[in-house]
Structures are given as C-alpha cells and as structure tokens.
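Reader: I have just opened this one and would like a careful walk through it. Could you show me the model before we start?

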Amino acid sequence: KQWYQRRVRGKLLSKKYSCLRHVPAYPQLINEKFDRCLDLYLCPRKMKMKLNMNPEDLLPKLPKPKDLKPFPSAKAVKFSDHEGHVYSIDSNKSGEFLVSGGEDKIVRIWEASTGRVLSRYTLPDTITSVKWDKAQNIIAAAAGNTVY
C-alpha cells in the first residue's frame, strides 16, 4: 500500500507546464517500442492448414435437361403481323398489352394473352423505338428524327 501511494504521489500526478514545448517525452517510450517489436518478431507462428480440395467438388451438381421438364416445347402465343424486322417492343404496367414497332412503319398494340392486334398507327418513317409510359399510360414512338 505504501509503494502504491508513493508511486501515485510521485509519478502519476499531473504537472503544469507553461507551453507544450516544455512537456518532456515519455522516458520509457523507446524501450517499450523495442520490447513490442521484439515480441512480434519472436512470437510463435501458427501453422496454416492447407485444404486439399478438388475444384470440381466446389461446383454444384446441375440437373440433366430431361429432369427439368415440363418446359414449353411449343409456342403458346405467336405475334405475327409485322412485315419486316421489329426494332422495339414494350409492355404496359400490368403486362396485359404490348406495343411494337419496326421496319414496316406501323405501331401495333397487342393483347399479350392472345396475340391479337388491337390497333395500328402508321407513321411516315421506320420506327426505331417504342415506349409505354407506365405512370401516365401513354405510348411514345420514335420514327426518323421525330417522337410521336
């Protein structure tokens, strides 16, 4: 107890200095850094166990295509009214209707479940893009340099 009180009284009480330049460095700093480096240098290292694994064992086993049936083997709905290439297609918010446009200069609105054309709109140039605005339910079509 006396040793503890002496140490507290003598060494650990704070002192007031007039400026930061007058504060002395910690006298044991270099010794403690050296001891720490020595501990790290001489510490026992742990052996890493290497796992011997076959790379093929890491890949999941994929099922054979014949086990994935039933998948469609015939067309359910065929959309065939365009003459030439179709350059763009889009659906409405619910997916109930489709809009398409292409080389034949006609914008078509389709019923998605049956493939029936509901309406056609002819434009003066090849249609490069069609877009169905999901928020306002508006169709935009780009033909040449103009958006309709």
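Author: What follows is a conversation about the layout, the core and a few single residues.

Author: This is a predicted model, in which local features need pLDDT of at least 70 and side-chain atom pairs count only at pLDDT 80 or more, while totals for chains, interfaces and linings use all residues. Residues are numbered from 1 along each chain as its sequence is written, and side-chain values use heavy atoms, with hydrogens and water left out.

Reader: Okay, how many helices and strands does the protein chain have?

Author: The protein chain has 3 helices and 7 strands, where helices (H or I, at least four residues) and strands (E, at least two) are DSSP runs numbered from the N terminus. Read from the N terminus on, the order is α-α-α-β-β-β-β-β-β-β.

Reader: And what share of the residues counts as buried?

Author: Of the 148 residues in the protein chain, 17% count as buried; buried means under 20% relative accessible area, exposed over 50%, and partly exposed in between, with a 1.4 Å probe and protein chains only.

Reader: Which residues make up the largest nonpolar core?

Author: That core has 9 residues, namely Val99, Val107, Ile109, Leu123, Ile127, Val130, Trp132, Ala141 and Ala143. A nonpolar core here is a set of buried Ala, Val, Leu, Ile, Met, Phe, Trp, Tyr and Cys residues joined through side-chain atoms within 4.5 Å.

Reader: Which strands supply at least two residues of this core?

Author: Strand S3 (106–111), strand S5 (127–133) and strand S6 (138–143) each do, and S5 gives the most, with 3 residues.

Reader: Moving on, what is the strand order in the open sheet of 3 strands?

Author: The order is S5-S6-S7, with antiparallel pairing; two strands pair if DSSP finds at least two bridges between them. The edge strands, each pairing on one side only, are S5 and strand S7 (146–147). S6 and S7 are joined by 2 bridges, and Ala143 stands opposite Thr146 in S7.

Reader: What else is Ala143 in contact with, leaving aside its neighbours within four places in sequence?

Author: With those neighbours set aside, Ala143 is in contact with Leu123, Asp125, Thr126, Ile127 and Tyr148, contact meaning heavy atoms within 4.5 Å.

Reader: Now S2: why is it largely enclosed?

Author: S2 is largely enclosed by the rest of the structure because 5 of its 6 residues are buried. S2 pairs in the antiparallel sense with strand S1 (residues 86–91) over 5 bridges, and with S3 over 4 bridges.

Reader: What lies in the turns of those hairpins?

Author: Between S1 and S2 there are 5 residues, and Gly95 in that turn has a positive phi of about 80°. The hairpin of S2 and S3 has 3 residues between the strands, with Lys105 in the turn at a positive phi of about 65°.

Reader: Where is Asp104, and is it buried or exposed?

Author: Asp104 sits in the loop between strand S2 (97–102) and S3, and it counts as buried because its relative accessibility is 16%. Its side chain makes a polar contact with the side chain of His82 (3.2 Å); a polar contact is a pair of N or O atoms within 3.5 Å, where within protein one must be able to donate a hydrogen and the other to accept it, and residues adjacent in sequence count only if both atoms are side-chain atoms.

Reader: What about Glu111, buried or exposed?

Author: Glu111 lies in strand S3 and, at 18% relative accessibility, counts as buried. The side chain of Glu111 makes a polar contact with the side chain of Thr114 (2.9 Å), and Glu111 is the bridge partner of Phe97.
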